[in-house]
Amino acid sequence: MTATPQAEPTTNPGAPSDPRVIVVMGVSGTGKTSVGERIADRLGLDFVEGDSHHPQVNIDKMTAGTPLTDEDRMPWLRTLAALVGERYADGRSTVLTCSALRRGYRDVLRTGVPRGKMFFVHLHAPFAVLEQRMTQRTKHFMPTSLLQSQVDTLEPLEADEPGVVVDVTPGLDEVVRAALAALEPAEPRA
């Protein structure tokens with residue numbers, strides 16, 4: 001199990017007195033919903049399933065096996081940024097699931113909250129693991145045939161993007177533990 005920090009959070013993203021947004025990101029098949037729901041539950045935060053906010057035209061396109069373009073994604077990303085922004089303005093921390101494949105997409109999401117208030121948990125696994133998981137699921141519109149296009153589109157978190165990469169090859173409990181450990185406040189330095 002490897003959790004690779006990208007940038008160190010300075011405060012606990014789930015602290016009620018300091019609302020934050022935790023984005024559980026990654027390509028299809030990484031378990032964003034399962035991991036995100038458990039993080040939200042364990043930290044007592046709001047949970048927003050990003051896929052449930054796709055416009056129907058996007059869902060139809062993906063169901064037909066056609067990858068989304070940047071133009072397809074932008075209205076959806078702006079909607080998600082507004083949703084987390086509203087919760088933040090109300091003092092509520094949120095866990096959002098969203099593929100957030102490119103830096104530009106993550107930049108759009110960040111427009112909803114003040115600088116430094118968004119932390120990314122990038123779920124990652126080898127292609128073969130994800131492909132196998134996708135062939136076994138039955139309740140999702142994303143076909144396995146689109147996995148390669150998502151992998152090709154993915155831009156890893158950059159050094160200035162607060163976040164962590166978590167390997168999702170192990171079981172769900174271990175993945176959630178690694179993600180939660182990355183969300184812990186940094187220990188005071190002497």
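Two strands are taken as paired if DSSP finds at least two bridges between them, and helices (H or I, at least four residues) and strands (E, at least two) are DSSP runs numbered from the N terminus. On this basis, valine 21 of the protein stands opposite threonine 94 in β4. The structure is a predicted model, in which local features need pLDDT of at least 70 and side-chain atom pairs count only at pLDDT 80 or more, while totals for chains, interfaces and linings use all residues. Residues are numbered from 1 along each chain as its sequence is written, and side-chain values use heavy atoms, with hydrogens and water left out.

**Overall organisation and confidence**

- The secondary structure comprises 7 helices and 6 strands, arranged along the sequence in the pattern β-β-α-β-α-α-β-α-β-α-α-β-α.
- Of the 190 residues in the protein, 46% are buried (under 20% relative accessible area; exposed is over 50% and partly exposed lies in between, with a 1.4 Å probe and protein chains only).
- Among contacts (heavy atoms within 4.5 Å) with a separation of 6 or more, 78% join residues 24 or more positions apart.
- The average pLDDT, the predictor's confidence in each residue from 0 to 100, is 82, and 81% of the residues score at least 70.
- Over residues 1–16 the pLDDT stays under 50, and the model has 53 contacts beyond four places in sequence for this stretch.
- Residues 186–190 also have a pLDDT below 50, with 3 contacts in the model beyond near neighbours in sequence.
- Where pLDDT is low, the predicted coordinates should not be read in detail.

**Strand pairing**

- Strand β2 (residues 21–25) is mostly covered, as 5 of its 5 residues are buried.
- Val21, Val23 and Met25 point one way from β2, whereas Ile22 and Val24 point the other way.
- In a regular strand the side chains alternate between the two faces of the sheet.
- β2 runs parallel to β4, to which it is joined by 4 bridges.
- β2 also runs parallel to β5, with 5 bridges between them; here valine 23 stands opposite phenylalanine 120.
- Strand β5 (residues 118–124) is in turn joined to β6 by 5 bridges, again in parallel, and leucine 123 has valine 166 of β6 as its bridge partner.
- In strand β6 (residues 163–167), 4 of the 5 residues are buried, so this strand is largely enclosed by the rest of the structure.

- Neighbours within four places in sequence aside, cysteine 98 is in contact with Val23, Val24, Met25, Gly26, Lys32, Trp76, Leu77, Leu80 and Leu109.

**Helix α2**

- In helix α2 (residues 56–63), Asn58, Ile59 and Met62 are buried.
- Seen down the axis of α2, these buried residues fall within an arc of 100 degrees, so they line one face of the helix; the arc is that of the directions from the helix axis to the C-beta atoms.
- The buried residues of α2 pack against α3 (70–89).

- Arginine 106 lies in helix α4 (residues 103–110) and counts as buried, at 0% relative accessibility.
- A polar atom of the arginine 106 side chain lies 3.2 Å from the backbone oxygen of proline 156.
- Residues up to four places away in sequence not counted, arginine 106 touches Met25, Ala100, Leu101, Phe120, Glu155, Pro156, Leu157 and Glu161.
- Serine 99 is placed in the loop between β4 (94–97) and α4, and is buried with a relative accessible area of 11%.
- Beyond its neighbours within four places in sequence, serine 99 is in contact with Met25, Gly26, Lys32, Trp76 and Gln150.
- Serine 99 and aspartate 51 are 48 residues apart along the chain, and their C-alpha atoms are separated by 8.8 Å.

Note on methods
Polar contact = N/O pair within 3.5 Å; in protein donor to acceptor, adjacent residues only side chain to side chain.
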